[in-house]
Every structure is written in structure tokens, then in C-alpha cells.
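Dear colleague,

I am passing on a structure for you to look at, followed by some notes on what was found in it. Please open it first and keep it beside the text as you read.

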Amino acid sequence: MKVRMAISITLIFIIVFGVNGYIGWHGQVFLSDQLGSWFHPALYWVAFWIIALSYLLAWVSSRVLPAGVSRLLKIIGSYWFAIMQFGILLLPLTDLAIGVFHLASVPSNTYVPILGWINVGIILIAIIRGSYNARSPVIRRYDIEVPKKAGDWKQLRIAVASDIHLGSIVGNRHLRKLVEQVNGLKPDLILLPGDVIDDDIKPFIRYNMGKTMRELQAPLGIYAVLGNHEYIGGHIPAFVEQMKQIGIRVLMDETVHIKDRLYIVGRKDKAAERTPDGRKALVALLEGTDRRQPIIVMDHQPYHLDKAADAGADVMLSGHTHRGQMAPNHLITGRLFELDWGYLRKGNLHAIVSSGFGTWGPPIRLGSRSEIIELTIHFKSNDREEG
């Protein structure tokens, strides 16, 4: 197992250094053409590798560097992830164009600046548009019908926000938008299906994000579940305590009965399957529930919708995928998950997967938007079953 992990890590590093070297070489060609004698290759490569590896440097040296420096490196590294993806997409096309110009005997000092500035322009436009998509959340509305009684309730309005990723990149400013928009919906219930924080709990505490988050309001309460990033950070007890202090209950393989009318089931993230405690099967979590009442399941990663339907869940809320966050990554998430974004009816199950409110890595979205879900459930009893 350790050997396999070492091989995997080595391959990842080879790929990362190879891709960055490829991007860096193109940058050298372009800048040397533009700057002429002002260009110094040694200084360029030192600066390039600091920028290219800044996210890794922030992670490795977080305990040594001042918090402000570590945060700056992480921000730079996050944006560099976007530039890496753009480079992977654009530079092979650039090389193809170079080959055509070369065959046509066009001098390099003619096409290098043209192709270089085209790439710079495309990247800048993508970053500006992607930043807007990430920082301007939209409300997605779903109206569904569950053929069960929930006491005297005719309907329930739920605000759902997954993948907030609070930390060094997504902070109080974006969180304030969440609070204002969610409270503006006046929901009966607020549900947070995982990845509330982005790995490390320390920025959440350092920037007092709990004070902002405490302003979320819903008469039936606020419930959250763990996502894979809470497990990556490894500060689950501290996270649960922070949430408890601000009035948010984190459900870890737990079921709660709301006003004796419906059930909220919160699963541990799939990452828990690799821990000694594991996580319970959904069927086990539903033991003892009254199946005549509505059952809402929060499961961060949208796997096994068929099992949720077979277990008797009426609604399953997930996130995790970000819908790829930056196109064309949605082509990958679309292959990995039966539902990577939006709504799907699976038997009696209503499955909804959010693209998330926050971002991981670069605060950029292309082909996706930061979103809050407004879910309205209409309860309609099945008279034949009651009879």
C-alpha cells in the first residue's frame, strides 16, 4: 500500500513539474521576445517556480511562515491552478499554429508576439469572467412533490448551500453574500451538505467567520454534514465544536426527527470509509424511521442514488462536484457521477446536486455558477395508502 502511494505521488509530481515546465518554456519564449535584453532567464525561472509551486509552499510551510504570507502564497497558487488549466488547453493549439507558420516560412519575431498576446488576452478574459461567475451567486429554485404527509404542513421551504469552502480564499466577504441571500429567502430550514470549510479550520477561527455565519436564520434550524475537505483538514472535532457554538448541528451518521413531521438524515462523507470508524449504510440510518413521513438525506458526494431510492429516501441533497468548476472539467464530472449537477428523479427519490456556493483552488468558475438552492417541497398524502 505504501509503495503504491509513493508511486502515485511520484507520478503526480512528474506530471505537475512537466506541465509547469512546458508552460514556463512558452513564457520564456514570449517574454524574451517582448523584453529583449531586459529579460534575465535565471531570474525568470526562480520567480516562475516560486509562483508555480506557491500553493504547495503555502501548505508545507504553513506552520513556519506568518499567516499573511502563507495566505498570499495560497491565493497566488490558487490562481496559478487556473493558468495551468488554460495553458494545457491553449498551448498545444499554439504549438500547432507555430508549426503552420514555420512551414509557411513566417519569421518567429512576427508570430511569437501575436500568439503570445492572444493567449494572454484569452486568459485575462477567462479570469475576469470566471471571477464574476464565482463571486456572483445565483438562486436555483426547485419545486418538488413528495406523496407523504408531514403533519399539518402543506409545504416546506429549504435553503441549501453546499461546498462553501471557507478558508484563505473564500472568506467573510463571500460568506456575507450567503447570509444575506439565504436570509432573504426566509427559509423554514437551512441545510449545508458538506465542505463548509476548505481543509484547515484555522482561517475560519482566525477571521472570526463564525460571527458572520451565526446570522443565518431558519425557524426549524440549520443542519450540516461533513464533506471530504473536512476529512482532508483533519480537524473534525474542532469543526463540529465551532458549528455547535454558532447554532449549527453537524450530523455524522445521524437522523433527526423535525417536529415529529419529517426526518433529516446526515451521512458522514464517503471519505469516512477509509477511517477506522467508517460510516453507516443508509439502510441502517433509516432503521426505526416512519416511512410514511418524508425523509431528506444529506450525502456530500452524489454516489449510489439507486441505493438511496431503494432505502426509502424521498430527497437526497449533495454537492462535491462543483460541476467541474471550470469548463471543460464538467465533461469529467459528468462521466464520474450519474448526476453531477441539477435534478434527477430516481424512482421515488428526488436527487439534487448543487454546483456549490464557494470554490476550491482558483476563485474562478467557467461553465458553472456559484449557487444557493431554494427547494420547496409540497407534501401530498396518498389517500389510497391512508385508506
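**Around Asp-198**

The side chains of Asp-198 and His-229 are joined by a polar contact of 3.4 Å (a pair of N or O atoms within 3.5 Å, where within protein one must be able to donate a hydrogen and the other to accept it, and where residues adjacent in sequence count only if both atoms are side-chain atoms). Please bear in mind that this is a predicted model, in which local features need pLDDT of at least 70 and side-chain atom pairs count only at pLDDT 80 or more, while totals for chains, interfaces and linings use all residues. Residues are numbered from 1 along each chain as its sequence is written, and side-chain values use heavy atoms, with hydrogens and water left out.

Asp-198 sits in the loop between strand E3 (189-192) and helix H7 (202-206); helices (H or I, at least four residues) and strands (E, at least two) are DSSP runs numbered from the N terminus. Asp-198 counts as buried because its relative accessibility is 3%, where buried means under 20% relative accessible area, exposed over 50% and partly exposed in between, with a 1.4 Å probe and protein chains only. Leaving aside residues up to four places away in sequence, Asp-198 touches Lys-74, His-165, Leu-166, His-229 and Trp-360, a contact being heavy atoms within 4.5 Å.

In the loop between E3 and H7 there is also Asp-199, which has a positive phi of about 70° although it is not a glycine. Asp-199 counts as buried, because its relative accessibility is 17%.

**Other backbone features**

Asp-260, in the loop between strand E6 (254-258) and strand E7 (262-266), has a positive phi as well, near 55°, but this residue is exposed, because its relative accessible area is 56%. A cis peptide bond, with omega about 5°, joins Ala-327 and Pro-328, and Pro-328 is placed in the loop between strand E9 (315-318) and helix H13 (330-336). These features are listed because most residues other than glycine have a negative phi, and most peptide bonds are trans.

Met-5, Ile-9, Phe-13, Phe-17, Leu-56, Trp-59 and Val-60 make a nonpolar surface patch of about 720 Å². Patches are made of residues with over 30% relative accessible area and no salt bridge, like charges being joined within 9 Å and nonpolar side chains (Val, Leu, Ile, Met, Phe, Trp, Tyr) within 5 Å; a salt bridge is a side-chain nitrogen of Lys or Arg within 4 Å of a carboxyl oxygen of Asp or Glu. Helix H1 (2-35) and helix H3 (54-60) each supply at least two of the patch residues, and H1 gives the most, with 4. Ile-9, in helix H1, counts as partly exposed because its relative accessibility is 40%.

Ala-58, which is found in helix H3, is buried, because its relative accessibility is 3%. Not counting residues up to four places away in sequence, Ala-58 touches Ser-70, Leu-73 and Lys-74.

**What the record lists**

In an unreviewed entry, UniProt lists residues 37-58, 79-104 and 110-132 as "transmembrane region", and such annotations may be inferred rather than shown by experiment. In the model, residues 79-104 are 96% helix and 0% strand, with end C-alpha atoms 36 Å apart, while residues 110-132 are 100% helix and 0% strand, with end C-alpha atoms 34 Å apart.

With best wishes

How values were computed
Areas by Shrake-Rupley, 256 points an atom, 1.4 Å probe, with all protein chains shown as cover.
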